Amino acid sequence: MTYLKRTFATLVTAFPMWAMAHPGHEHQNSFMTGFIHPFTGLDHLMMAIAFGVLLWSATTRWKLAGLVGLMIAMVSGFALGQLNIFSSSIAEYGIVFSLSILAIALWTKASRLFVLATIIIASFHGMAHGIELSQSGHVMGLVLGMVVAMSCIYAVGLALGALVQKYVPNGKKIIGGIAALVALIGLA
């Protein structure tokens, strides 16, 4: 088991680009490009899955509020990024910060404050794309595709949260640890 852990750690630390989905994707403004993009970046996957796991133990109202809040944060972050007020490095560090907040929320007895902070900080994920695509013109299909994909990944996170709560002792802390690891890779 130790060999497997070392191999996994080596692979993860050897490939920091896994954590950042932003470099290297096409600048097409189609729904499919936007839909596929969140599945190609570990930062998107971890953020949406960890957020779903975090909110699984919440009431139904908070699960729905989490989904709506995540969508609003992504779109508003994208709109803010389109204004070119912030640099892309601020958006990237904001993504790392959002994963760190999620990790803390999963490690502790998360209050609603953590949930709200996570929703607000999720706007950095949209902002990064708004900054890089600000000169591309019409991007509604791309944004819609990304929001739909992130919502699907969030739903997977909710399902994973149900499994973790039922079958994995300290499962939320494990997911939090993975989120923290992705945040550290993002700093590389």
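**Figure 1. Asn-84 lies in the loop between α4 (60-82) and α5 (88-107).** Helices here are DSSP runs of H or I with at least four residues, and strands are runs of E with at least two, numbered from the N terminus. Although Asn-84 is not a glycine, its phi is positive, at about 55°. Asn-84 is partly exposed, with a relative accessible area of 39%, where buried means under 20% relative accessible area, exposed over 50%, and partly exposed in between (1.4 Å probe, protein chains only). The view shows a predicted model, in which local features need pLDDT of at least 70, side-chain atom pairs count only at pLDDT 80 or more, and totals for chains, interfaces and linings use all residues. Residues are numbered from 1 along each chain as its sequence is written, and side-chain values use heavy atoms, with hydrogens and water left out.

**Figure 2. Asn-170 is found in the loop between α8 and α9 (171-187).** This asparagine, which is not a glycine, has a positive phi of about 60°. Asn-170 counts as exposed, at 54% relative accessibility.

**Figure 3. A nonpolar patch on the surface is formed by Phe-31, Met-32, Ile-36, Leu-144 and Val-148.** Together these residues have about 420 Å² of accessible area, a quantity that comes from the Shrake-Rupley method with a 1.4 Å probe, with only the protein chains shown counting as cover for residues. Patches are made of residues with over 30% relative accessible area and no salt bridge, and while like charges are joined within 9 Å, nonpolar side chains (Val, Leu, Ile, Met, Phe, Trp, Tyr) are joined within 5 Å; a salt bridge is a side-chain nitrogen of Lys or Arg within 4 Å of a carboxyl oxygen of Asp or Glu. At least two residues of the patch are supplied by each of α2 (31-36) and α8 (140-167), and α2 gives the most, with three residues. Val-148 has its place in helix α8 and is partly exposed, with a relative accessible area of 30%.

**Figure 4. The chain as a whole contains nine helices and zero strands.** From the N terminus on, its elements run α-α-α-α-α-α-α-α-α. Of the 188 residues in the chain, 44% are buried, and the chain exposes about 9,700 Å², of which carbon and sulfur atoms supply 73%. Among the contacts in the chain with a separation of 6 or more, 83% are accounted for by residues 24 or more positions apart, a contact meaning heavy atoms within 4.5 Å.
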